[in-house]
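Visitor: I have a few "how do you know that" questions about this one. Could you put it up and take me through them?

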Amino acid sequence: MPRVESTVTVPLEPGRAFALSQTYGELRYRWDPFVREQRLLDGATAAGKGVRTWTKSRHHLTMVSEYVTFRPPTHVGMRMVTGPRFFKSFSGGWNFSPAGDDGASTEATWRYNFTIRPSWLAPIADRIGVWVLGRDIRRRLDAFATACADQEIVAALGE
C-alpha cells in the first residue's frame with residue numbers, strides 16, 4: 001500500500017495546532033489549499049470518532065470520509081467511505097507532538113495511504129499517486145504551517 005507523508009514544525013502548542021487542523025467552514029477555506037468545499041454530515045456539529053465528512057478537493061473530486069480515530073491533541077485518523085473510483089481504499093492520519101523544550105511548538109506529521117483500482121494498473125498508478133498526493137500533502141502542510149503563524153487565523157480559533 002503506497003504511503004505519502006510530510007512533517008513540519010509549527011509555532012503553536014499541540015492542542016492549538018490540532019484544533020486548527022480540524023476546522024471547518026470559512027476558517028478552513030482561509031488556510032487549506034486542498035479543500036474547495038467541506039462539511040460534516042449526518043447532523044454532526046463537531047469532528048469526532050464516527051463522524052463523517054464530505055469534501056470536494058481542489059481537483060474537483062469528492063469524497064465522504066469517516067473519522068476512525070479522534071484523540072485531541074495528538075492524533076486524528078480518517079478513512080474513505082466513498083470517493084473517486086480509482087481509489088480502492090484511501091486513509092489519512094495526522095499526528096501532533098511537542099517540538100522543543102518549551103512546549104510552544106508542534107511537530108505536525110500528515111500521511112495518506114491508498115490503493116488503486118484496478119489492481120493491474122497499480123504498478124504505474126501508484127507512482128503517479130505518490131507524486132500527486134505527495135505534492136498535495138506538502139502544499140497543504142506548508143499552508144497549515146503558514147496559518148499556524150498567522151495571528152488573525154489563530155485568533156479566530158478562540159480559546
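Visitor: Why is Asp32 called buried?

Guide: Buried means under 20% relative accessible area, exposed over 50%, and partly exposed in between, with a 1.4 Å probe and protein chains only. Asp32 has 2%, so Asp32 counts as buried. Asp32 sits in the loop between α2 (26–31) and β2 (35–40); helices (H or I, at least four residues) and strands (E, at least two) are DSSP runs, numbered from the N terminus. This is a predicted model, where local features need pLDDT of at least 70, side-chain atom pairs count only at pLDDT 80 or more, and totals for chains, interfaces and linings use all residues. Residues are numbered from 1 along each chain as its sequence is written, and side-chain values use heavy atoms, with hydrogens and water left out.

Visitor: What makes the link between Asp32 and Arg140 a polar contact?

Guide: A polar contact is a pair of N or O atoms within 3.5 Å; within protein, one must be able to donate a hydrogen and the other to accept it, and residues adjacent in sequence count only if both atoms are side-chain atoms. The side chains of Asp32 and Arg140 are joined at 2.9 Å, so the pair qualifies. A polar atom of the Asp32 side chain also lies 3.0 Å from the backbone nitrogen of Phe34.

Visitor: How do you know that β4 and β5 pair?

Guide: Two strands pair if DSSP finds at least two bridges between them. β4 and β5 (residues 75–82) have seven, in the antiparallel sense, so they pair. Tyr67 has Met78 in β5 as its bridge partner, and a hairpin joins β4 to β5 through three residues.

Visitor: Why is Leu121 called partly exposed?

Guide: Leu121 has a relative accessible area of 31%, so Leu121 falls in the in-between class.
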